[in-house]
Amino acid sequence: MADCNHDCGSCSASCGERQDPASFKKPAHKESHIKKVIGVVSGKGGVGKSMVTSLLAMALRRAGKQVAILDADVTGPSIPKTFGLHGQALMTDRGVFPMETRMGIKVMSINLLLQNETDPVVWRGPIIAGAIQQFWTDVIYGDVDFLLVDMPPGTGDVPLTVFQTMPVDGIIVVASPQELVGMIVEKACNMAKMMDVPVLSIVENFSYFKCPDCGKEHPLFGKSRLAETAAAHGVVCQDKLPVDPLLAEAVDNGKLEEANVPALPQTTELLLKML
């Protein structure tokens, strides 16, 4: 390519000069033994991707699996608050130790390294990408069945770094009903295809509101397009999540593990079968 800078690690284009993607893979910390790496992605922000990551982690933990979350949304980390984690992760000569939630879910996030958790992370893309790489190579997760990577929205530096650095076994796409009729989901799925990573499941968040009085489900954002969108991309596994004010309150209070949370049965079952 005429405008090629020969830096395949920062490029998603496909060309004859491209290096083998496997050449960019980095080993995890020598004390980390991770069976499956699952990315949770979205085409845009505000669709509840971190919520889906947290719910999946809880479901897998209840199934008796060892689970860790790598919060790759460096400029907008929300996983620690969801689980009520505060303070700083332990850093030693051996490496960095993630914090653990009440259920025993291991969490690594930039907010667990900052002096003050409200300090903004004002970094350029390459520095953010480097931090994510260190979350993989320098953090001691121990023996883990599933490492869930909560990615920032879109198809930029961080998702590219994750796909190229880590042995991602598949992704879960999170979207709202409005997105399922547009091109946003298609962009996320196409990036995964470009990086040779399978799309395991599509989760439709804000799918409906269930009336607490009559039990009827109301599609606040229009008719669900989940089934047809999943079929268009050849994805069999799909789940729906409702609009739930009590769930939002539990997250705000850092008590998601104590709440009566909705299930993601198809996605959870699929992941368990991967082991």
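Biologist: What is the handedness of the crossing of helix 1 and helix 8?

Modeller: This is a predicted model, and in it the axes of helix 1 (residues 49-62) and helix 8 (residues 265-274) come within 10 Å. They cross at roughly 55 degrees, and helix 1 and helix 8 are therefore oblique to each other. As for the handedness, the crossing of helix 1 and helix 8 is right-handed.

Biologist: Which residues make that contact, and how many of them are nonpolar, polar and charged?

Modeller: On the side of helix 1 the contact is made by Leu 56, Ala 59 and Leu 60, while helix 8 contributes Thr 267, Thr 268, Leu 271 and Leu 272. Sorted by class, the contact of helix 1 with helix 8 has five nonpolar, two polar and no charged residues.

Biologist: At what angle do the axes of helix 3 and helix 4 cross, and what is the handedness?

Modeller: Helix 4 comprises residues 157-165, and the axes of helix 3 and helix 4 come within 9 Å. Those axes cross at roughly 35 degrees, and the crossing in which helix 3 passes helix 4 is right-handed.

Biologist: Which residues touch the most other members of the largest nonpolar core, and which element gives the largest share of the core?

Modeller: The largest nonpolar core has 76 residues, among which Tyr 141 and Val 149 touch the most other members. As for the element, the largest share of this core, seven residues, comes from helix 1.

Biologist: What does Tyr 141 touch, leaving out residues up to four places away in sequence?

Modeller: With those residues not counted, the list for Tyr 141 includes Ser 32, Ile 34, Ala 68, Leu 70 and Pro 98. Tyr 141 also touches Lys 106, Met 108, Phe 135 and Leu 147.

Biologist: Is Ile 140 buried or exposed?

Modeller: Ile 140 is found in the loop between helix 3 (125-137) and strand 7 (143-150). Beyond four places in sequence, Ile 140 is in contact with His 29, Glu 31, Ser 32, Arg 94, Gly 95, Val 96, Phe 97 and Pro 98. Its relative accessible area is 7%, and because buried means under 20%, Ile 140 is buried.

Biologist: What is the value of phi for Asp 196, and is the residue buried or exposed?

Modeller: Asp 196 lies in the loop between helix 5 (184-194) and strand 9 (199-204). Its phi is near 60 degrees, a positive value in a residue other than glycine. The relative accessibility is 70%, and because exposed means over 50%, Asp 196 counts as exposed.

Biologist: How far is Val 168 from Asp 196 in space, C-alpha to C-alpha?

Modeller: Val 168 is found in strand 8 (residues 168-175) and is buried, with a relative accessible area of 12%. Not counting residues up to four places away in sequence, Val 168 touches Val 37, Gly 39, Val 162, Phe 163 and Val 197. Val 168 and Asp 196 are 28 residues apart in sequence, and in space their C-alpha separation is 9.5 Å.

Note on methods:
Residues numbered from 1 in each chain as written. Predicted model: local features only at pLDDT ≥ 70, side-chain atom pairs only at ≥ 80, totals over all residues. Heavy atoms only, no water. Axes fitted to C-alpha atoms, helices over the stretch in contact; angles between N-to-C directions. Helix = DSSP H or I, 4+ residues; strand = E, 2+ residues; numbered from the N terminus. Parallel < 35°, antiparallel > 145°, perpendicular 65-115°, else oblique. Left-handed = near helix turned anticlockwise from the far one by under 90°. Contact = heavy atoms within 4.5 Å. Nonpolar A, V, L, I, M, F, W, Y, C, P; charged D, E, K, R; others polar. Core = buried A, V, L, I, M, F, W, Y, C linked by side-chain atoms within 4.5 Å. Buried < 20%, exposed > 50% of the residue type's maximum accessible area, 1.4 Å probe, protein only.
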